[in-house]
Amino acid sequence: MCGIVGYTGANPVKPRLIEGLKRLEYRGYDSAGVAMQQDGGLTLVHRVGKVAELEEALSSFDDSSTCGIGHTRWATHGAPSEANAHPHSSCQGDIAIVHNGIIENFAELREELLSRGHVFTSQTDTEVVAHLIEEAYDGREGDACKGDLMKALRHAVGRIVGAYGIAAVCAQEPGRIVVTRKDSPIVLAYGEEGAYVASDIIAVIEASRDVAVLEDGQFADMTPEGISYFDAAGNAIEPPIMHVDWDIDVAEKGGYPDFMLKEIHEQPRVVRDTLAGRLSGGSLVIDELGLSLEELNLIDRVYVIACGTSYHAGLIAKHLIEMWARIPTEVEVASEFRYRNPIVTPSTLVVAVSQSGETADTLAAIRDARIKGAKVFGITNVVGSPVARESDGVIYTKANKEIAVASTKSFLGQVVSLTLLAMLLAQSKGKLTLGQIRLLYSELADTAEQIEEILSDTTAVEEAARACKDAASALFIGRGVGSAICYEGALKLKEISYLHAEAYAAGEMKHGPIALLDEGFPVIVVATQSPVYDKVISNIQESKARGAMVVAIATEGDQEIAKHADHVIYIPKVRDAFSPITASVPLQLFAREIAVLRGCDVDQPRNLAKSVTVE
Ligand code: M6R
């Protein structure tokens with residue numbers, strides 16, 4: 001949820017840290033700070049707010065430092081403040097660290113360190129690590145670690161329990177940065193200008209496309225001359241180098257006013273890339289799952305576990321898996337699944353959906369399911385992410401890096417991937433013929449062009465957004481797979497525009513939510529062609545009868561609906577099973593448009609972070 005960046009080399013560190021922090025800002029953005037080696041000491045600068053505030057504060061500093069670390073924070077322990085912003089330093093101020101993750105035993109360690117005379121300046125869990133390193137470095141723990149930053153870091157992480165990615169610098173060791181991790185990503189790259197570390201590839205790929213992904217328990221020792229890697233026992237290792245083939249322009253807005261709009265417009269490409277190569281010899285192929293059709297045929301229960309938007313993709317998957325493969329499917333938020341005792345057997349398939357591949361609750365649920373003997377498939381956007389590594393098989397969504405906190409293109413990639421999985425399960429069970437699979441695949445591929453059509457004229461969405469922008473609350477209703485689309489539409493609206501929104505299966509309206517409706521209350525209805533279309537029309541009429549303002553997402557050519565709804569957003573005709581792929585797009589645009597009209601920060605909504613690596 002936070003971002004780490006570090007550089008050591010021959011060039012000024014300040015602009016490199018700022019550039020890296022800006023690229024990482026999407027992960028967390030309530031405060032930021034840097035520690036730079038300078039004039040034999042460390043210069044620490046912190047600011048509350050966006051990285052731009054820090055950049056402004058640093059403008060009066062010269063460019064003499066060539067080694068330092070930086071951090072952008074999403075507060076967990078301690079409110080956003082300059083005191084709680086990273087880097088944190090030791091009592092003497094000669095050691096500074098940045099940390100992502102949670103130190104679970106920080107309270108005991110803090111007490112212990114206080115009793116030995118350490119002075120704390122923040123409320124964070126992180127600060128204990130700086131003091132533990134200090135004790136080891138200055139010899140209070142004996143000579144073994146004295147004067148050696150790497151050994152002192154090893155000693156410190158031996159004392160902490162929790163999740164961490166850590167980078168540390170020391171005034172007495174010019175040009176050196178030491179790094180380690182557990183359950184929190186760290187990547188390193190060595191380029192022409194020197195050595196880089198970050199918590200996300202996006203902050204280092206300008207330096208080099210070849211990056212090393214640090215594994216749990218490993219350490220990296222960075223100097224301007226190179227990076228050395230060590231395993232937990234201290235043996236030198238050569239980590240595999242991953243070549244990053246996506247382009248740096250994912251980190252640029254490319255002419256769009258915000259990343260969210262850019263990412264919405266990338267969705268036709270995501271559909272095409274996610275489908276590419278999946279139909280071979282007339283049948284579906286997803287080799288990365290590592291299970292044969294015969295093994296898939298043995299699956300008798302599916303759980304889809306995920307959080308937030310990814311959970312909504314799971315709701316859509318349930319409809320498709322049960323409809324086509326006839327396998328009972330439950331969708332559960334990961335934070336619930338992990339704490340109850342779900343019925344899991346070796347013939348259970350758990351599908352873990354996570355854009356970031358790092359969500360703490362989803363990871364914990366995966367671990368739990370595997371212990372119980374289930375097969376786990378991950379659906380993620382991030383190659384080599386913990387979800388990918390800890391699953392038995394994985395489907396990558398091919399959305400490429402998503403920067404806006406509100407998921408759009410990765411949601412669509414998840415829905416397309418889950419649709420393929422549902423088709424594969426049906427193929428393995430003999431519930432769909434190869435002819436049917438080919439037809440579905442071809443219609444699925446057509447959705448890319450249909451999204452392009454939706455994106456080519458957004459006038460109706462904009463008009464509807466203008467009509468709803470001043471509302472205090474909105475209701476999203478739909479039936480069947482349409483209700484799942486509504487949950488996602490409502491989440492998009494509330495998270496970026498702060499307009500309260502709720503979603504209901506339309507049949508539930510009369511059981512409570514209808515009490516909310518009065519003159520002008522916005523009701524957004526997914527009313528595309530489906531077997532329950534007539535029922536949805538009745539729900540629209542019930543809403544109109546209470547004075548609601550109805551915005552309908554409907555199928556092109558449907559003249560009837562215009563008689564009932566105040567605003568109609570037409571989308572191309574697709575089969576009901578694929579309506580989530582097309583109908584989600586106007587809802588994404590609707591949410592964004594309202595957020596823009598309300599003056600909200602579309603890409604970085606308040607209180608949120610892109611990846612939720614804490615419980
Ligand atoms: O990375 P994940 O897909 O596991 O993240 C889960 C949720 O935090 C995420 O989908 C969140 O709800 C979205 N950013 C909302 O747009």
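**Sheets, pockets and cavities in a predicted model**

Five strands, in the order E24-E23-E25-E26-E27, make up an open sheet of 5 strands with parallel pairing. Strand E24 (500-505) and strand E27 (567-571) stand at its edges, each with a single partner strand, so one side of each lacks a neighbour in the sheet. From one strand to the next the twist averages 20°. The model is predicted: local features need pLDDT of at least 70, side-chain atom pairs count only at pLDDT 80 or more, and totals for chains, interfaces and linings use all residues. Residues are numbered from 1 along each chain as its sequence is written, and side-chain values use heavy atoms, with hydrogens and water left out.

Helices and strands are DSSP runs numbered from the N terminus (helices: H or I, at least four residues; strands: E, at least two). Strands count as paired if DSSP finds at least two bridges between them. Strand E26 (residues 549-555) is joined to E27 by 5 bridges, and the two run parallel. Thr555 has Ile571 in E27 as its bridge partner. Helix H15 (residues 459-468) packs on this sheet and touches strand E25 (522-527), E26 and E27. Contact here means heavy atoms within 4.5 Å. The direction of H15 makes about 150° with that of E27. Axes are lines fitted to C-alpha atoms, for helices over the stretch in contact, and angles run from 0 to 180 degrees between N-to-C directions. Helix H16 (residues 481-497) lies across strand E23 (473-478), E24 and E25. H16 runs at about 175° to E24.

Another open sheet holds 7 strands in the order E5-E6-E7-E8-E12-E13-E14, with antiparallel pairing. Its edge strands are strand E5 (88-89) and strand E14 (236-237), and each pairs on one side only. Strand E13 (residues 226-230) and E14 run antiparallel and are joined by 2 bridges. Tyr229 stands opposite Ile237 in E14. Helix H4 (residues 127-137) lies across E5, strand E6 (95-103) and strand E7 (162-170), at about 135° to E6.

On a 1 Å grid over the protein atoms alone, a cavity is a set of points where a 1.4 Å probe fits but cannot get out; a pocket is an open set with protein on both sides within 12 Å along at least five of seven lines; lining residues have an atom within 4 Å of a point. Grid points are joined across faces, edges and corners, and a volume is the space filled by probe spheres set on the points.

The second largest pocket holds about 500 Å³ of space. Its lining has 27 residues, and Cys307, Gly308, Thr309, Lys610 and Val612 lie nearest its centre. Helix H9 (308-325), strand E20 (348-354), helix H11 (360-371) and H16 each give two or more residues to this lining. By class, the lining has 13 nonpolar, 11 polar and 3 charged residues. Ala, Val, Leu, Ile, Met, Phe, Trp, Tyr, Cys and Pro count as nonpolar, Asp, Glu, Lys and Arg as charged, and the others, Gly among them, as polar.

The count comes to 3 cavities of 30 Å³ or more. The largest cavity has a volume of about 120 Å³. It is lined by 16 residues, with Cys2, Trp74, Thr76, His99 and Gly101 nearest its centre. E6 supplies the largest share of that lining, 3 residues. The lining divides into 5 nonpolar, 9 polar and 2 charged residues. The second largest cavity holds about 50 Å³. Its lining consists of Arg479, Gly482, Val526, Thr528, Ser530, Val532, Val536 and Asp576.
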